[in-house]
Amino acid sequence: MNVLSSTARATAGPTAEAVPLDAAPRPPRRRRRSSIGHPRITPYLFLLPTIVLFLGFKLYPYLSAFWTSLTSNIGGVITFVGLDNYLRLLNDPLFYTALGNTALILVVQVPLMLALGIVLAVAFNSLLLKGRAFFRMAFFVPIVMGLVAYGILFSALFDSSAGIVNELLGYVGIGPIPWLVDPFWAKISIVIAMTWHYTGQNAIIYLAQLQSIPGELYEAAQVDGANGWQRFRNITLPGLRPALLLTVVLSTIGTLQLFDEPYVLTNGGPDNATLTVGMYLYQNGFKYFDFGYASAIGYALTVIIAVVSLIQFRLFRERAPKPISLKKPTSPKEKTR
Amino acid sequence: MRFTLNKRSRGVAVTATAIAAVAALVGCSAPSADNNATDGEVSGKITIWTWNAPGDGLEAAIPAFQKLYPDVEVDVQDVGNPAIWEKITTGMAAGGQGLPDVMNIGIDYMGNYVEQFPGQLVDLRDFGAESLESEFPSGAWKSGSGADGAVYGIPYEVNATGFFYRSDIFEQAGIDIDSIETWDQLIDAGVTIKEKTGVPLYNQDKAATEADSAGLWQLQTALQDSFYFDESGDITMNGEAGVHSLELIKKANDLGIVGDIQGSWDNLLAQLRGEKPTAIMPAGGWMAGVMENEAPEMAGNWGVRLPPSVEPGGITAAVNGGTYLSIPTASKNQKTAWEFVNFALGTLEGQKLVYEGGGMFPGYKPMLESEGFAAPSEYFNGQSPNAIFIAELAQDTPALNYTSDYARALKAYTDAQTRVLLSGADPQQALDEAADQVAQQTGRKLAD
Amino acid sequence: MTESLIGVRGRRTKSLVLTTAIAAGAVVMLLPFYWLIIATTYPSREIFASPPNVLPGPAFFDNLTGLLSDTLFGRAIGNSVLVASVYTLLGLVVCTAAGYAFAKFEFRGRGLLFGAVLVTLALPSQVTLVPLFQIMVTLGWLDTYQALILPNLALPFGIFLMRQTMQAVPDELLQAARVDGAGEFRVFSRIVLPTVRPALAALAIFLFLAQWNEFVYPLVVLRTPESFTIPVSLASLQGIGTTDYGQLMTGTLLSVLPILVLFLFLQRHFVAGILAGAVKQ
């Protein structure tokens with residue numbers, strides 16, 4: 001593959017910079033890929049730490065969890081039970097409750113958050129907005145707050161008797177609202193908390209994309225007499241498409257795995273009104289010690305995520321003017337770890 | 001183990017019971033430590049895992065113990081509750097790795113540990129613990145023992161239910177607390193109290209935002225000699241007793257005499273202090289000490305008596321929880337550990353020191369009968385909480401079978417209770433659904 | 001003349017309306033932080049006062065000294081700083097190297113490996129908690145720093161970001177360096193890394209943030225209070241018994257503060273990094 005393949009270079013790796021280049025006076029080549037011009041082993045050496053860590057701390061645990069999903073703890077003995085856990089899942093009303101709740105939050109929260117994100121990004125991108133750097137920051141900082149701090153803070157804010165949210169609403173004659181203790185309002189609380197947490201992050205991604213839309217497009221549209229809405233509809237939105245696909249897919253995955261918010265705010269209640277699939281998995285594994293079943297839920301969830309993501313890619317691709325590569329840039333999603 | 005007691009953060013609570021668990025799975029593949037320390041010398045160092053107040057109690061027994069065994073060092077570690085469950089479970093999961101020599105275990109975890117991690121707790125009969133059986137209330141003893149009679153824990157704290165009430169509020173409403181014999185009468189009285197004083201009969205976490213919002217139901221059901229499961233582990237939560245309890249809870253709620261307060265330690269204290277008033281407060285025996293310490297300004301306003309029965313002339317005692325001292329098989333110093341446990345809980349000298357140090361209500365009969373133990377308390381208007389608890393223990397309540405599926409049953413019940421209280425569901429139907437769910441999840445049978 | 005005056009005035013009005021609206025939104029976003037800061041300055045029993053406290057109270061230093069003397073929170077801060085810093089440094093190396101390989105080399109198994117990284121995004125991480133714990137028990141790594149640091153070093157997001165960014169580095173640059181006699185590592189460290197510096201800053205923030213806030217996994221593998229990280233320590237401040245909210249809120253603030261400062265310092269790079277990652281196709 002390579003003219004340079006001297007034996008000395010075959011051992012070269014990230015630490016081998018001192019190895020003398022024996023073929024220095026090589027004629028310059030202009031190839032598109034830089035893969036010409038390096039030893040075969042180089043990429044593997046760069047990937048070595050990732051591969052080792054991946055095998056040990058990702059692949060093995062996931063395979064082990066899959067095996068676990070085929071077992072059950074019967075009287076203290078781990079027993080192979082085949083697909084029993086998966087069959088049990090199909091007949092488990094609570095699993096469907098969790099799926100339904102997750103779907104509902106998905107359908108309400110993701111569009112709301114993404115729409116707000118677009119509005120914010122357009123505002124951040126507008127010269128009319130004063131103090132843009134500060135505002136960008138203000139909307140982004142919620143993401144720095146970790147699970148525990150977030151839980152402590154929001155439980156205190158949304159407490160239905162002593163919380164400041166009801167206190168403030170009281171001044172304008174609203175409430176008190178039973179935020180975390182009513183099946184309906186608990187869902188709303190989760191939606192509010194998630195929107196608070198992640199909207200700024202999405203706005204920043206849109207902003208980045210917006211800045212790549214050529215200004216001439218807008219100027220031309222203005223000359224043609226297009227109004228603000230028309231420009232938004234015909235230039236901004238299509239221009240945002242790659243970022244939209246990215247955020248839709250990642251937010252969907254994040255929401256389908258939703259765990260943090262119900263975990264810290266409602267514990268899945270009241271009466272399972274905010275039980276998500278992620279919560280149900282956790283409860284079975286870590287409250288009831290039923291790891292086989294919990295793993296089965298995890299793999300069922302993975303299949304659901306894969307199917308939903310594929311559908312989203314398909315939809316976006318069909319409506320796009322030209323096919324969009326699947327290899328999309330990703331977003332800051334600490335959630336998806 | 002605890003009654004109306006809740007934790008502030010549900011996140012933490014969930015995790016605690018929980019993570020602990022990482023375990024069951026892992027544990028089974030791990031070899032259990034060999035059990036050859038039985039004949040060891042009484043010497044060296046032992047470590048005890050417990051939490052604040054029970055820790056203080058055990059700490060108080062050390063100097064006297066060291067007079068008997070000068071070579072022994074005892075390290076009492078306040079691990080924190082609920083963090084202790086997580087640590088014990090992960091330790092058991094790791095085949096005993098990192099466990100101490102003595103562990104303070106709650107009654108609600110006992111069954112789970114014994115079933116999920118067979119062989120990880122020492123059968124204390126190896127040390128002759130069976131000779132102590134007659135010294136403890138039989139219910140409390142049985143809950144710490146296996147089906148085959150193996151003794152996995154010695155009762156440390158025994159929680160008979162104290163029925164605490166605000167004597168000033170009852171007086172203001174013109175109701176003689178002593179005339180109330182059943183829960184139905186109590187609910188009628190609650191209506192009067194609400195009318196005359198505006199104070200709810202009791203407060204409940206109606207949305208069950210905390211895991212253990214089931215205390216009242218468990219009490220009323222125990223007063224009818226029933227529980228989530230029967231002795232053979234079949235599901236009884238939707239039986240006549242369970243349904244009747246939930247009907248009582250619904251009746252009180254429908255009458256508008258039940259306040260809604262989210263469960264948390266702070267809200268509990270607010271109730272004790274009268275900041276969020278309640279007319280009654282059924283709770284474990286430990287509550288008496290909490291009241292004296294945390295709400296000293298309410299001295300004279302709280303009274304205590306036996307709980308009313310559900311049926312006229314029925315049971316008026318419920319031993320609703322407690323904790324045990326157990327020794328893991330992984331301990332390298334089991335003999336010494338046992339000698340300490342035996343001294344602290346199996347001798348009058350030890351029991352007295354432990355009780356004075358920590359205030360945990362003991363189950364050891366010679367201690368209960370000892371002079372001055374049931375002396376009247378000024379705080380409770382000259383009543384004696386201890387005398388009440390002794391009277392309850394004397395009723396010889398049956399052992400509650402927590403099984404390894406207590407957590408599931410508890411969750412299913414609290415969901416059912418929430419449906420009844422918030423959406424007006426029918427108690428029978430809600431409990432049937434709950435019982436079916438537990439059966440579906442665990443493969444347990446519904447009792448006939 | 002008049003027309004442009006109206007135009008200017010119209011712009012001003014529009015600007016004012018827009019800025020006001022966004023400012024209102026920002027107030028909502030920042031309110032929880034403000035409440036948190038105020039809460040740290042009151043003793044436990046006054047935090048939930050009605051009407052709510054608007055101005056700072058006198059108790060911040062009481063809460064702080066109480067927190068540091070009654071608990072091992074100070075120790076937890078040290079643990080968190082150490083673990084998050086080492087994790088960030090190593091994570092940068094691992095993710096950058098992997099991203100470079102995926103972006104700039106063609107080799108057998110590239111699709112498969114990259115696909116594997118993608119798939120881990122769809123798998124719920126709770127599933128691996130038990131097997132990971134099991135591994136740590138086997139290795140005898142409970143209560144150790146490496147147990148926290150190693151498992152998530154190859155962070156899929158980090159690998160994506162670096163791959164995305166490095167695709168923008170012109171191949172010609174690398175080839176020229178190779179022609180000039182630079183070894184592969186030198187090409188990487190002297191040519192590639194400097195050109196992706198903004199993305200490195202962004203990745204550093206993400207790695208630090210992720211490790212700093214990680215809760216459930218450390219809770220499982222850390223067992224003695226001396227080894228707790230901040231989130232685990234915070235969680236242990238709550239529990240049965242009286243929660244000192246003054247201390248708890250102070251701890252919460254301390255858990256957010258460093259990351260906030262870090263973010264303020266690196267904000268510019270950070271946004272630039274996102275730009276590089278998101279805009280490039």
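This is a predicted model: local features need pLDDT of at least 70, side-chain atom pairs count only at pLDDT 80 or more; totals for chains, interfaces and linings use all residues.
Modeller: Residues are numbered from 1 along each chain as its sequence is written, and chains are lettered from A, ligands numbered from 1, in the order in which they are written. Local features need pLDDT of at least 70, side-chain atom pairs count only at pLDDT 80 or more, totals for chains, interfaces and linings use all residues, and side-chain values use heavy atoms, with hydrogens and water left out.

Colleague: What makes a pair of side chains a salt bridge, as for B:R419 and A:D271?

Modeller: The term requires a side-chain nitrogen of Lys or Arg within 4 Å of a carboxyl oxygen of Asp or Glu. The closest N and O atoms of B:R419 and A:D271 are 2.9 Å apart, so the pair meets the criterion. Helices here are DSSP runs of H or I with at least four residues, strands are runs of E with at least two, and both are numbered from the N terminus. The search over all chains finds 15 salt bridges, and A:R88, A:D290 and B:R408 are linked in a network of them.

Colleague: Why is B:K250 called buried, and why is B:D254 called exposed?

Modeller: Buried means under 20% relative accessible area, exposed over 50%, and partly exposed in between (1.4 Å probe, protein chains only). B:K250 has 18% and is therefore buried, whereas B:D254 has 53% and is therefore exposed. These two side chains meet in a salt bridge of 3.1 Å, N to O. Both lie in helix 10 (residues 240-254) of chain B, four residues apart, about one turn of the helix.

Colleague: Why is the pair of A:F158 and A:W179 called edge-to-face?

Modeller: Rings of Phe, Tyr and Trp (its six-membered ring) pair if their centres lie within 6.5 Å; planes under 30 degrees apart count as stacked, over 60 as edge-to-face and the rest as tilted. With centres 5.1 Å apart and planes at 85°, A:F158 and A:W179 are therefore edge-to-face. The pair links distant parts of the chain: A:F158 belongs to helix 6 (residues 147-158) of chain A, and A:W179, 21 residues apart from it, to the loop between helix 7 (164-171) and helix 8 (183-210). Both residues are buried. They also belong to a cluster of ring pairs whose members include A:Y150, A:F184 and C:F33.

Colleague: What makes B:F127 and B:W338 a stacked pair?

Modeller: Their centres are 5.9 Å apart and the angle between their planes is 10°, so they pair and count as stacked. B:F127 lies in the loop between helix 5 (107-116) and helix 6 (138-143) of chain B, and B:W338 in helix 13 (residues 334-346), so the pair ties together parts 211 residues apart in sequence. B:F127 counts as buried at 14% relative accessibility, and B:W338 is buried at 4%.

Colleague: Why is helix 12 of chain C described as largely enclosed?

Modeller: Seven of the eight residues of helix 12 (residues 230-237) of chain C are buried, so the rest of the structure largely encloses this helix. Among them are C:I230, C:P231 and C:L237.
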